[in-house]
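Please look over the sequence and the structure before starting.

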Amino acid sequence: MTTLTPAKIAQLRALMSALPAAFAARIVETARAGDETMGELLHACSRKPEVYTRERFFAPLAPLSLDPAHARPSLAHIPPAMLATVWSWMDETLAPDITAAMRKYCANPLMPPDEKTEDALRADASKRILAAIDELRDDPRATKQLRHRLGVSDFRAVRDLAAILRATPVLRKAMADIPPSIAELDDGLSQTLRDRYDAACAADPDAGVWFLYLVMARLVRPWAILRVFEKIARRDDDFLLSRTDVSTIGDALLEDAAYYVSAFADIPASNEAAQEMATALTQFATVTVGMSREIGIRKDGGWGRQIMALRQRASAQMEAIHAAALAQLDKTVPDPHKALPARLILSGDALESAATRMEVFCTFLRLTRDDASRAAVGGAHAGVLDRMNQRLDMASGAVLAQMRGGQGDDALTERAAVIARLMTAMGQQESAAVFLRRAAAARAA
């Protein structure tokens, strides 16, 4: 591989860039597992040179730079769009010498990374970014122009970006040998993280909180990071800095919780949406309950009040979904004990459309059954499920009675199919199968 000519590299780049992005990413991942250098070469060749250069420069921020449309806020603290605008700012006015040096450095993807050289460029960029922002402090017009150029409402995240760039060597050392995915944060690893946190803070006061962010990004249960604070707070020495970091990480977890609440703010419109919203409710419940269990959050404390407010918001959203579900139930499977005008009894395409809509509600409510109580909506949720199950039982019984009474028209068969479909969506596959067998037997009698 080290004998590849520029022409061969160009051919490889053409091949990789022509592949579908997902397929190219799998090839890179497979290559990295066997040969890190080969993986880096293929990654470089799968990206446009300018994009690869920018990504490599901002590589230390990658775990915290996911797309905010698809990732919780703690993983999208510095989104890709900001990296692009900051790079453009550097390239055009702030630090064209740095971007040119990085571009030249990345021109040959076969060159092994030189961390010292790249870190020096990042530290220089960090210094210039912070100096440029500080110079605008007394110039509101110029401040507004730069905010507009960078697409930000304030410079907080830009300052954070600069801090991480400067602290990259410290963070790299602190993260060395930390597992890429942490399913369980045991006492031994918690102590190690506490020691790494201390060392990072000693080397760079800004590095401590970003070390914790990077660790949290690797945790299967992010709120478990609070166990590290438990060890920090039990020290006898001054831990004012750690208190500040506790607040920052706690706020990040609460932002994640708010993100999950927002993800089920609407009425589900499809089975796919119902599944995504159910996942969001589960994530919200696990984050807030996990935080409370880790450090015993008081309801009247700062975090406790925010969690209660989020739970009230979740409860109001679920109440709206419950009301919509019950209204749709009355349309799709009317109460057999109430007489309805013929115009309100659906059939054909209208019944199919109503059944499809009701199936979405059944799917969402079934998937959220276990987590509703942890999101402060358990009692109401259980009541709605009971009403739906009772309605399906009554409707199925009424259909069977009509069939056994000699009515075997297509309308009854259609209604029976809808009832069985909704039973299945509620997780009652066996009951649905039994009902359909009884319906078939009643029609045949």
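D177 is exposed, with a relative accessible area of 76%; exposed means over 50% relative accessible area, buried under 20% and partly exposed in between (1.4 Å probe, protein chains only). The model is predicted, so local features need pLDDT of at least 70 and side-chain atom pairs count only at pLDDT 80 or more, whereas totals for chains, interfaces and linings use all residues. Residues are numbered from 1 along each chain as its sequence is written, and side-chain values use heavy atoms, with hydrogens and water left out.

**Exercise 1. State the secondary structure and burial of the chain as a whole.**

Step 1. The chain has 21 helices and zero strands.
Step 2. Of its 445 residues, 44% count as buried.
Step 3. Contact means heavy atoms within 4.5 Å. Among contacts with a separation of 6 or more, 70% come from residues 24 or more positions apart.

**Exercise 2. Carry out the analysis of span and faces for helix 11.**

Step 1. With 17 residues (187-203), helix 11 should span 24 Å at 1.5 Å a residue; its end C-alpha atoms are 24 Å apart, in agreement.
Step 2. Its buried residues are L189, S190, L193, R194, Y197, A200 and C201. Seen down the axis of helix 11, they fall within an arc of 145°, so they line one face of the helix.
Step 3. A202 and A203, on the other side of helix 11, are exposed.

**Exercise 3. Which residues of helix 4 are buried, and how are they arranged around its axis?**

Step 1. Y52, T53, R56 and F57 are the buried residues of helix 4.
Step 2. They cover an arc of only 130° around the axis, which puts them on the same side of helix 4.

**Exercise 4. Describe how helix 9 packs with helix 10, and helix 5 with helix 8.**

Step 1. Two packed helices are described by the angle between their axes and the distance between the axes. Axes are lines fitted to C-alpha atoms, for helices over the stretch in contact, and angles run from 0 to 180 degrees between N-to-C directions. Angles under 35 degrees count as roughly parallel, over 145 as roughly antiparallel, 65 to 115 as roughly perpendicular and the rest as oblique.
Step 2. The axes of helix 9 and helix 10 come within 5 Å and cross at roughly 65°. That makes helix 9 roughly perpendicular to helix 10. I164, L165 and R166 of helix 9 make the contact with T168, P169 and L171 of helix 10.
Step 3. The axes of helix 5 and helix 8 (residues 140-150) come within 8 Å and cross at roughly 120°. Helix 5 and helix 8 are therefore oblique to each other. The contact involves T85, V86, S88, W89, E92 and T93 of helix 5, and L146, R149 and L150 of helix 8.

**Exercise 5. Identify the residues with the most contacts inside the largest nonpolar core.**

Step 1. A nonpolar core is a set of buried Ala, Val, Leu, Ile, Met, Phe, Trp, Tyr and Cys residues joined through side-chain atoms within 4.5 Å.
Step 2. The largest such core has 119 residues, and F57, F58 and I225 have the most contacts inside it.
Step 3. Leaving aside residues up to four places away in sequence, F58 touches L83, V86, W87, M90, L161 and L165.

Note on methods:
Helices (H or I, at least four residues) and strands (E, at least two) are DSSP runs, numbered from the N terminus. The expected span of a helix is 1.5 Å times one less than its number of residues. The arc is that of the directions from the helix axis to the C-beta atoms.
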